[in-house]
Amino acid sequence: PTLFFRKPLKAAGRELKHEMEVKAQHDSAIEREEALRNFQGDQFARQNDPEWRPAVSSAVDKSGTSISTFRDRFGEDKGG
């Protein structure tokens, strides 16, 4: 007869925590790869599409005012 022993709860908890950490690392690696692919596609479009224009962000669209940049505020030569 084979005897089955339960793991202590601490050991089972440690094992579960380790599995969750490994899964989180794997998921974040996949998300980074996906974001990098999106970024590279956007960069290609910006560089090669003569009709490309920057889109209005949702934050600007909600507020109705544009976000001014440093150059907008101080001009081209006053920043340095």
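Q: Let's start with one side chain. Is Glu15 buried, partly exposed or exposed?

A: The general idea is to look at relative accessible area, where anything under 20% is buried and anything over 50% is exposed. This is a predicted model, and in it Glu15 has a relative accessible area of 36%, so Glu15 is partly exposed.

Q: Which side chain does Glu15 meet in a salt bridge?

A: For a salt bridge, look for a Lys or Arg nitrogen within 4 Å of a carboxyl oxygen of Asp or Glu. Here the partner of Glu15 is Lys7, with 2.3 Å from N to O. Lys7 is partly exposed too, at 45% relative accessibility.

Q: How many salt bridges turn up in the whole structure?

A: The search comes back with 2. Besides the Glu15 and Lys7 pair, there's one joining the side chains of Asp27 and Lys23, at 3.0 Å from N to O. Asp27 is partly exposed, its relative accessible area being 29%.

Q: Where do Asp27 and Lys23 lie?

A: Check the helix first, then the spacing along it. Both sit in helix H1, which covers residues 9-48, and they're 4 residues apart, or about one turn of the helix.

Q: Which element has the lowest mean pLDDT, and which the highest?

A: Read pLDDT as the predictor's confidence. Helix H2 (residues 58-63) has the lowest mean, 64, while H1 has the highest, 94. Across the chain the average is 82, with 75% of the residues scoring at least 70.

Key: Residues numbered from 1 in each chain as written. Predicted model: local features only at pLDDT ≥ 70, side-chain atom pairs only at ≥ 80, totals over all residues. Heavy atoms only, no water. Buried < 20%, exposed > 50% of the residue type's maximum accessible area, 1.4 Å probe, protein only. Helix = DSSP H or I, 4+ residues; strand = E, 2+ residues; numbered from the N terminus. pLDDT = per-residue confidence, 0-100.
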